[in-house]
Amino acid sequence: MDPEYEKRLLRQQNGQMSPFGSPNLSPVVSPNKKIYGDRFIPSRTNACWHISFDLVQESSVQAPPQTRKAKEANSDSAKDGLAYSCLLKNELLSAGIEDLKEVQVEERKVLTPKETKNLFRYNTPRRCADGCDASPYSLSPVGSKSQKLLRSPRKAVRKISKIPFKVLDAPELQDDFYLNLVDWSSQNVLSVGLGTSVYLWSACTSQVTRLCDLSQDSDTVTSVSWSERGQQVAVGTHKGHVQIWDVAVNKKITTLEGHGARVGALAWNGDILSSGSRDRLILQRDVRTPSVCGLKWSPDHQHLASGGNDNKLFVWNLTSNGPVQTYTDHQAAVKAIAWSPHQHGLLASGGGTADRCVRFWNTLTGQPLQCVDTGSQVCNLAWSKHSNELVSTHGYSQNQILLWKYPSLVQIAKLTGHSYRVLYLAMSPDGEAIVTGAGDETLRFWNVFSKTRSTKESNIGPQQHLASGPGLGQPPQLDLGIRLLTDPVVVSLCPQTEAVYMLWGMTTTATGIHPILSRYLMAWKVKCNIPKRFSWLNHAVNLSMKNHMCSFPKRFFCSSYLQEIREELQKYPGGSVELTKDDDTGIAVITLNNLGKKNSLSGSMMVSLADHVTELSQWTKGRGLIVRGADATFCSGGDLSTVRALLQPQDGRRLAVFMHDALTRLHALPLVSLALLQGAALGGGAELATACDIRAMTPDALVGFVQVKMGVITGFGGGTRLVRLVGRTRALELLCSGRVIGGEEALRLGLVQHLLSGSGDALEQAQALLSEIYCASAVPLVRATKSVVTVADDDGRTLEECLEEERDVFATVWGGDLHKAALAKNVKHTGAKTS
């Protein structure tokens, strides 16, 4: 070899010379052909193909700026190049790459050359010997690994908008690194602290409201934070105060003090609020107001046990100002407390829904003894006076009564019967019987303890309802001025003593015995052979049936309980429900008006609807009622702002109780009611329609029980009424699918009875429909007919009860002025024409 050429070759290998200007590359360059003309050596710019065929050269020259589309195109091209590089690596180097995810995205140089001193390799890459090659019968030009690589899914390119979708002005939003002035609640409401005020912006309605103004206190907002449920917002101030606000009523609940400087950070953990301040302190406080919900003195009257909703149980003595013992094992409010009369110092306590446990304590030593998980909220505890046994009553979700043996904690008996939480418990003086009370408005007596025999589950059962009423064989002072009960009533006839027992007291109403009482009395009158000396009972029943043309359901709810729900619903305003009455035609119109929300029912609208039903029940000139929605839309169900504020299970039960009462009373009105369905009647709107006697739809109207699409089921009674309207199978299909149907299908299924014309005013057509067909008769006849039909439609009534109702109502119109006038005109024969 020529010495000069050998030197040049060595210089290239050592990086001293490169035609590409790269110190990492040393391609062999052929000598000048003029000097070394005895042979030809081809020039290869990249001789080491197995390691540098996909080399990406880094350019030191700054590329010109590119447009966004060009950048996206380059990004896509780079990913395609990455896939191609992996494919070549599989085929040439047997890399075995099956998925692009195995390759690091940021590794742009898939085959970065490695420095090596060897210019030549004397072995050839071989295919893997584990069968990764393609089958010899395969038609694919690439191996199996490469085929999997080509079939691997390509990750979608995430595109993020470079511009905001909404911009809001925020004057006086401070430029301070140490403040937290914006927070977004779980109810989709944004709170912003601007200067001295806190503003709320609803992402659903874009409505802005001012929550508070601290200018009167010469203070400014330094932090805001929503509670986890989104019902309360904490506001930190420059003076070191923390205010807790209830956003539903725009009312300040409390002000927490303790910091000496501005509060710049807030964080919630359930009902625990943590606040951080410039004074370098972090304070954690329970924002709930502790309340005592259980108190019991020990049998020796030396110690008092108290429980509260702070989940703590305290034991106090007669001399100290503070508790002598504190127990914190419960995880929920402690209401149920009972001292053992058999073992000195033995205390039992029960926790609420989040705890569900009955715990036993030795107050002499302060040590916990035993614990049993009951599976439901513990409401009350009571020890037997005669044996080492304990009875417990429960709420969510079992609503049961349990009898325990102590100390084995073996469950002796399980008693059921209450449909609501068993919140109340008392024991008889002899210690043998207990009485339990629940939200189902019944008091039930049970024989659970005995002096002479062991308690057996087979011998345990309710005795009777609370006795209060007339004495044996003594009729109450019934005349046209004294009437029974406007509140719920439970009546039973005790077969042993033949005494009539009535629950609650007596009030006055307009005419006759209250219809609820009438139905109970009628039921016992038919099923029990009431002795002759109770003839006053028969008289009372008959008097009531004559004076009341409408029927009421067996299950009514306590007026005080409904009033509590009413006050809660009024906290959620929006829209209105309007009532118009025409004394001349006897037809009233209820209009749901919540424009912008498709006439969805807010809390205040539900209250107004119930009030209008009450008003219509006292309208003596009425024959018919039309329920409609404003702006040619019936009702789209519950207002979402109200729904989001009532997401607890007990809230749903209370809402259902209120709407059940309102719609049941609507269905029982002595008026023929018609639901005018226009636009959309969805969810709760469809349930409202089923509470009316008849339904009429416009051609473009839609109706659907879409509750399942919202993660719930029918709650206003619409599911039960739908089964009676269209049958079990069809109702099941509509309820489970949430399918929305049109007028023709609804008419075919029997859900609606009339399809209105698309031309003309729909309200006028509905009024004509009532006037010409359903309300064409005189007011007393329409109301009497509605009463008979309503009773016959009640599955809780026997055939005999329905027939007796019809006989009694028939007697009220027979021989009346209308009957005599029709006989005088011989209407029966002169009007016998086919219409």
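## A run of hairpins

Six bridges tie β18 to strand β19 (residues 367-373), and the two run antiparallel. Strands here are DSSP runs of E with at least two residues, helices are runs of H or I with at least four, and both are numbered from the N terminus. Two strands pair if DSSP finds at least two bridges between them. Across this pair, Phe360 sits opposite Gln370 in β19. The hairpin of β18 and β19 has four residues between the strands, and Gly366 in the turn has a positive phi of about 75 degrees.

Before going further, a word on where this comes from: it's a predicted model, where local features need pLDDT of at least 70, side-chain atom pairs count only at pLDDT 80 or more, and totals for chains, interfaces and linings use all residues. Residues are numbered from 1 along each chain as its sequence is written, and side-chain values use heavy atoms, with hydrogens and water left out.

## Strand β17 and its partners

On its other pairing, strand β18 (residues 357-362) joins β17 over five bridges, again in the antiparallel sense. Leu347 stands opposite Trp361 in β18, and Ser349 faces Arg359 of β18. Five residues lie between the strands of this hairpin, where Arg356 takes a positive phi near 65 degrees.

β17 also pairs with strand β16 (residues 334-339), antiparallel and over five bridges. Here Trp339 stands opposite Leu347 in β17, the residue that also stands opposite Trp361 in β18. The hairpin of β16 and β17 has six residues between the strands, and Gly345 in the turn shows a positive phi of about 85 degrees.

How many residues of strand β17 (residues 346-351) are buried? Six of its six are, where buried means under 20% relative accessible area, exposed over 50% and partly exposed in between (1.4 Å probe, protein chains only). In a regular strand the side chains alternate between the two faces of the sheet. In β17 both faces are covered: Leu346, Ala348 and Gly350 are buried on one side, and Leu347, Ser349 and Gly351 on the other. β18 is mostly covered too, with five of its six residues buried.

## A four-stranded open sheet

Elsewhere, four strands line up as β12-β13-β14-β15 in an open sheet with antiparallel pairing. The edges belong to β12 (292-297) and β15 (325-327); each has a single partner strand, so one side of each is left without a neighbour in the sheet. From one strand to the next, the twist averages 20 degrees. Strand β14 (residues 313-317) pairs with β15 over three antiparallel bridges, and Leu313 has Tyr327 of β15 as its bridge partner.

## Two helices side by side

Now for some helices. The axes of α16 (residues 779-792) and α17 (residues 799-813) come within 9 Å and cross at roughly 175 degrees. Axes are lines fitted to C-alpha atoms, for helices over the stretch in contact, and angles run from 0 to 180 degrees between N-to-C directions. α16 and α17 are therefore roughly antiparallel to each other, the label for angles over 145 degrees.

Contact means heavy atoms within 4.5 Å. On the α16 side the contact includes Leu781, Ala784 and Val788, while α17 brings in residues including Cys802, Glu805 and Glu806.

## The whole protein

Zooming out, the protein has 19 helices and 37 strands, and 41% of its 835 residues count as buried. There are zero disulfides, a disulfide being a pair of cysteine sulfur atoms within 2.5 Å.

Technical notes. Parallel < 35°, antiparallel > 145°, perpendicular 65-115°, else oblique.
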